[in-house]
Amino acid sequence: MAGPGSQRRASRGASALLAAALLYAALGAVVRSEQQIPLSVVKLWASAFGGEIKSIAAKYSGSQLLQKKYKEYEKDVAIEEIDGLQLVKKLAKNMEEMFHKKSEAVRRLVEAAEEAHLKHEFDADLQYEYFNAVLINERDKDGNFLELGKEFILAPNDHFNNLPVNISLSDVQVPTNMYNKDPAIVNGVYWSESLNKVFVDNFDRDPSLIWQYFGSAKGFFRQYPGIKWEPDENGVIAFDCRNRKWYIQAATSPKDVVILVDVSGSMKGLRLTIAKQTVSSILDTLGDDDFFNIIAYNEELHYVEPCLNGTLVQADRTNKEHFREHLDKLFAKGIGMLDIALNEAFNILSDFNHTGQGSVCSQAIMLITDGAVDTYDTIFAKYNWPDRKVRIFTYLIGREAAFADNLKWMACANKGFFTQISTLADVQENVMEYLHVLSRPKVIDQEHDVVWTEAYIDSTLGIHGYAFAITNNGYILTHPELRPLYEEGKKRRKPNYSSVDLSEVEWEDRDDVLRNAMVNRKTGKFSMEVKKTVDKGKRVLVMTNDYYYTDIKGTPFSLGVALSRGHGKYFFRGNVTIEEGLHDLEHPDVSLADEWSYCNTDLHPEHRHLSQLEAIKLYLKGKEPLLQCDKELIQEVLFDAVVSAPIEAYWTSLALNKSENSDKGVEVAFLGTRTGLSRINLFVGAEQLTNQDFLKAGDKENIFNADHFPLWYRRAAEQIPGSFVYSIPFSTGIVNKSNVVTASTSIQLLDERKSPVVAAVGIQMKLEFFQRKFWTASRQCASLDGKCSISCDDETVNCYLIDNNGFILVSEDYTQTGDFFGEVEGAVMNKLLTMGSFKRITLYDYQAMCRANKDSSDSASGLLDPYHAFLAAVKWIMTELVLFLVEFNLCSWWHSDMTATAQKLKQTLEPCDTEYPAFVSERTIKETSGNIACEDCSKSFVIQQIPSSNLFMVVVDSSCLCESVTPITMAPIEIRYIESLKCERLKAQKIRRRPESCHGFHPEENARECGGAPSLQAKMVLVVFPLLLMLFSR
């Protein structure tokens, strides 16, 4: 019989055994946690799924058949390496001829406008009912057309992006702040009506023209074809042609400008507000070929941007906006010492001119003040006389005329212009006067320099190749990476779309080697590794590009061509008969890239309705001898048509076999060749397609267009030959939920890297079908008894299928489809990056738009809104009345921050620079496993590549959450530059090339016409040229 002691010992022994058992169980749990995912089992799953899905993709795409057919023609094919320099010179010559045709169209318009203007006699009482672009087709409440708004027939036209236009007539836009029936405008509109027949004639001669413009020095803007203009959300049309880059560059020669702003005590209140607006309007009139600085003065000099003390900067949009932001920091106090400011301005202009960095043409000082006590003739005698190379433009702020004589004398004595600005509404028209003065030398010389601005001349050169062009300032004319629009649904134009520098899209060239060589009009070659984003910027392709460049004669532009190394440097020529090719082009499912130019259908009106495929057929049959076509390209199209024709019968046999694809998981098969030829086959009815938009005209990413090959083609070309690339399409919305999977593979002529990729084929299948195949494969096991040690059905593991960029195609949580893996499993993705299975690639976007809080009371548009102008005028009158009764500085109270209580902040989109990551798998790593030490557990995982694909199976221990590791996101981060870096960026002016022509002065100028007299308001000087015309081409 056991006593109490033995019982206690037994109890202690039992406790010890229990503790040991628990410890063993705990340790076993940890061990199991680290070993519960057998690599061999995951490898089995991956192999089973890979074999199944490749079999489906290869079968329904017909990839093996197509590869075989191209192999059969291998002996008849000649492979050639592309001569990049010869190619870029050929393209440059073609563009030179194209630009010459455009300049001839401009010349005809100039001659017609000059003749019409000389024949016209100004009539102050002229009444003329013209087509106002804002008012056309508008009716009053009684159903009658508004004045200047009579009926104007508009019809959609695909040549003009399907916009409703009138190709028989032009119409006229007048800025919001100008009176539609002002005599000067009515007279100008009347005589410029004669341009209508020239517009139409130009379009008949050269149907590749799109828009033709006439910009008047009076502010009205005539546009052909006629189109309806709509106000913005504030009911305002802010457009004034005289503020546009093309007008400024054509109206005046390049110039260096110093703006002097009086900030003495007498400038308090509304006067300072008007002065700031005057400065802002002057900045609007400066273009990319101009240089400037702004100095405020009282007893001392205050550089608006202290960082730029003693120098000038280029008047690009970024610099002008930077100075505008600093204008708000100006306040009035003290005494104005104009002599100090004038001395500084002359010294800056002289020193900067000697550096050779500026315009080396015209120079001017803009003086904005409420008065001058002296004429400062000793300063002008010291710096500017007798040559008067620096023009002086004076702006008297306020209604007082006590100092007007001194300011007018300064302007007249220095070949400038004087004007008085009493209200905000007066600012813009008065600022414009200086442009008339600067244009005099051009007018007297009868020089009509053709100024080229934005032209859209994209050219596709192979899978990743492209052509691009830049201006003398290094800005992009055309480039496939140029994104001029934002807010995809609204298609708004970015404010800085026309001043994107080449270095901002080819940003890997940190030393600007390529940019500077092109700006300097060199001919040569440059190579570098590039990171090209695709699929809405979410994926990246890393490749080496060879760049070839040369100048375009007769223009300020340079042209470049980029060719990717490897298959991108080679092409081949096949050979089949016209009869064979024509027969195989007749199939209804054959299409060609309509944005490519196989035949020029614009030359003759009877060809404009033809698609490219229709034009080719007519050309080959000899039925249209006037058609001009690219014979070599068409020969290659015929070759591809013949070689790819058998796939149509193959697809048809699959579709007719009812036992195949019984669950209709595969919906579409498609093919594309290097010549832009496409074939499509539906395995289900069109109405049953899960993705109704795929391969349609609006699906720009997935069809051949002027910018690029289809996305599925480009990605397949970078995969190992014989393997498929799988992806789900990304939507443009915030939430990306796709219900289809696309698979594609490339077809190469030879089994080597330098072989041209001749075609790509693929299929689109239902996501549910694809995922079902994955889950079926993940339930397999190798045990003889059929009992699996692990399954994706187990609660202890999470199974994923991700692609080579880390996006989830399959997850147990369906809502995670399309998400980035790092956002779902941050700890595992971080470990994969550390182990080298994936690598992070940092990308930059210098064309981004970021949200910013902006004061809703911002008066930037006040000048353009008649209501703002009216209120400003009322406030001015009231202030002037108060001044008779109380001290002058009450005006500053009237305009003080006490009136700002109703101001609200609103979010706007502003141009910015961003940095963001992309991720790509390491091809050499096929499988790996690992353990992650977390706070209180160890998280294990296995990653295994799916054979013959860009996919990976990832199995993760779900029992260890590892919540301390933050998710990895792909969200862009705005780059905010510190002040010292901002300063360096402002000072670091990139290399640019000055325009070749300069019309700074002319000895026959009438310097006495320098402002101040009322009669000047109605003058009709021949400054009509700023007759500025702009022609765009496809």
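**Labels and their criteria**

Modeller: N166 stands opposite G226 in strand 7. This is a predicted model, in which local features need pLDDT of at least 70 and side-chain atom pairs count only at pLDDT 80 or more, while totals for chains, interfaces and linings use all residues. Residues are numbered from 1 along each chain as its sequence is written, and side-chain values use heavy atoms, with hydrogens and water left out.

Colleague: What makes strand 3 and strand 7 a pair?

Modeller: Two strands pair if DSSP finds at least two bridges between them. Strand 3 and strand 7 (residues 226–227) have 2 bridges, in the antiparallel sense. Strands here are DSSP E runs of at least two residues, and helices are H or I runs of at least four, numbered from the N terminus.

Colleague: How is strand 2 joined to strand 3?

Modeller: Strand 2 (residues 155–157) and strand 3 (residues 163–166) run antiparallel and are joined by 3 bridges. N157 has L163 of strand 3 as its bridge partner. The hairpin has 5 residues between these strands, and N161 takes a positive phi near 55 degrees there.

Colleague: Why is the pair of Y73 and F639 called edge-to-face?

Modeller: Rings of Phe, Tyr and Trp (its six-membered ring) pair if their centres lie within 6.5 Å; planes under 30 degrees apart count as stacked, over 60 as edge-to-face and the rest as tilted. The centres of Y73 and F639 are 5.5 Å apart and the planes stand at 85 degrees, so the pair is edge-to-face. Y73 is in the loop between helix 3 (63–72) and strand 1 (78–81), and F639 is in helix 17 (residues 631–644), 566 residues apart.

Colleague: What makes R674 a charge over the ring of F572?

Modeller: The criterion requires NZ of Lys or CZ of Arg within 6 Å of the ring centre and within 35 degrees of the ring normal. The charged end of R674 sits over the ring of F572, 3.8 Å from its centre.
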